[in-house]
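This report looks at one strand with its neighbours and then at one pair of helices. Please keep the sequence and the structure in view while reading.

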Amino acid sequence: MASSPKDFTVAIVGGGMCGLACAIVLNRAGIDVNVFEAATKFGEVGAGVGFGPNSLRALKGLGLYDAALKAANEPPNMRLFRFIAGTGDHELIYDYANLAKSEEDQTGFGIYRPAFIDALTPLMDPSRTHFNKRCISVEKAASDRQLLRFADKSTFEADLIIGADGIRSAVRKVIVGDESSCLGFSNTVACRGLVPIDALKAEGMKVPVHTRPHCWTGLGKHLITFPMKNDTLLNVVAFISTPDGSKLSPEHPQPWVRTAPQQELLNGFQGFGNDAMTILKNIKTPSLWSIHTLHPPLKSFVAGRVVLVGDAAHGMLPHLGAGVGQGFEDVYTLYRLLTHPATKKSNLERALAIYDDMRPSRANMVLEGSIKAGNVYDGFGETKYSAEDMVTHLTGQWDPVWFYDIVAEVSDTLKQRENELFPSATS
């Protein structure tokens, strides 16, 4: 991409996976960008995350693929999900591997979230990073620029604000209003953990968890497991839903995370088979997370010269493993638009209009699909879905997520709309 100097400045609020990636690529392109993170350093809470084929296309387009792959410490692959019964002997319900369109379309890998951040941190200019900066509001400054206010009473002005501050975004208030709550509680809690695979083998684990990702389905509960770090660690996410788990409720009161006794976790999976319980018994000090989504989804991710990316724009349930990938697609789209040779301060809002035409419909489709997937995973049992029903619901559920080329889509859109939105580029 062209790296010609620009006459506008950018401030990014939030230094998680998407915010840091965005800051790095804009800084590389010669754009005056600063990133503000509420914590004392860049970091991510959580365990593993999966990068699907669409995520890797975006990372390659951003020039961050090699760093991410090195941090993953394993070759790229995409061992597709096996869906098995959580109960009994964990019989196979459905094997998603039969649907691969090509070897390339299957490519992906799992990575430890903090490892991704650690790999990217050295790529960012430290003089452009600011910590202990919790944003509390965004206002229009007297200079006609955007003004960030922080909890420490400091301020910062920039021409463009990128909100990458997560599902509880402060920047999002510019889009939805101060009093509007757009968060929905899924009536589900999740426990995340990493378990050594050798320990599970020593305890007689029969399900080949080291070879493939697995979804252990049940009624009102399910497990997600996938191997990481060259099959030495098992990433585990255990979901427990209340009877209203198929519906969304208003935002859950704080705190969203609480420590629970191990027995509470085990009781939540009462009736599951031996291998599932063996995994859960290896999570000694579980924390339970209240799982939220943006709902109803935002119709727009832009207001003036304020734009949202990642969970701030479309925080979604984790059931398709697709939230981070959508954030990378956001970042790639914004990167291409802001580094376009014709983009300048006077037409920033035109560039953001393209972003807003492209991203909400795509990301919100994945958001809605994630809600549906969670209901399916929690629906296997006598009173709801049979094995045949599960196959019907699961077939092709990842196709619209994975088999999408954000690089080609942005390039095609720019060709079609360049004259309309950047007339100086063709005059």
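## A buried strand

In this predicted model, strand β14, which covers residues 221-228, is largely enclosed by the rest of the structure, because 8 of its 8 residues are buried. Here a residue counts as buried when its relative accessible area is under 20%.

Strand β13 (residues 214-217) runs antiparallel to β14 and is joined to it by 4 bridges, with His214 standing opposite Thr225 of β14. These two strands form a hairpin with 3 residues between them, and in the turn Gly220 has a positive phi of about 75 degrees.

Strand β15 (residues 233-241) is also antiparallel to β14, and 8 bridges join the two; within β15, Val236 is the bridge partner of Thr225. The hairpin of β14 and β15 has 4 residues between the strands, and Lys229 takes a positive phi near 50 degrees there.

## A pair of packed helices

Two packed helices are described by the angle between their axes and the distance between the axes. For helix α2 (residues 53-62) and helix α10 (residues 323-338), the angle is about 30 degrees and the axes lie 9 Å apart, and α2 passes α10 in a left-handed crossing.

On the α2 side, the residues that meet α10 include Asn54, Ala58 and Leu62, and the residues of α10 that they and others in α2 meet include Phe328, Glu329 and Tyr332. The residues of this contact divide into 7 nonpolar, 5 polar and 1 charged.

Conventions: Residues are numbered from 1 along each chain as its sequence is written. This is a predicted model: local features need pLDDT of at least 70, side-chain atom pairs count only at pLDDT 80 or more; totals for chains, interfaces and linings use all residues. Side-chain values use heavy atoms; hydrogens and water are left out. Axes are lines fitted to C-alpha atoms, for helices over the stretch in contact, and angles run from 0 to 180 degrees between N-to-C directions. A crossing is left-handed if the near helix is turned anticlockwise from the far one by less than a right angle, and right-handed if clockwise. Contact means heavy atoms within 4.5 Å. Ala, Val, Leu, Ile, Met, Phe, Trp, Tyr, Cys and Pro count as nonpolar, Asp, Glu, Lys and Arg as charged, and the others, Gly among them, as polar. Buried means under 20% relative accessible area, exposed over 50%, partly exposed in between (1.4 Å probe, protein chains only). Two strands pair if DSSP finds at least two bridges between them.
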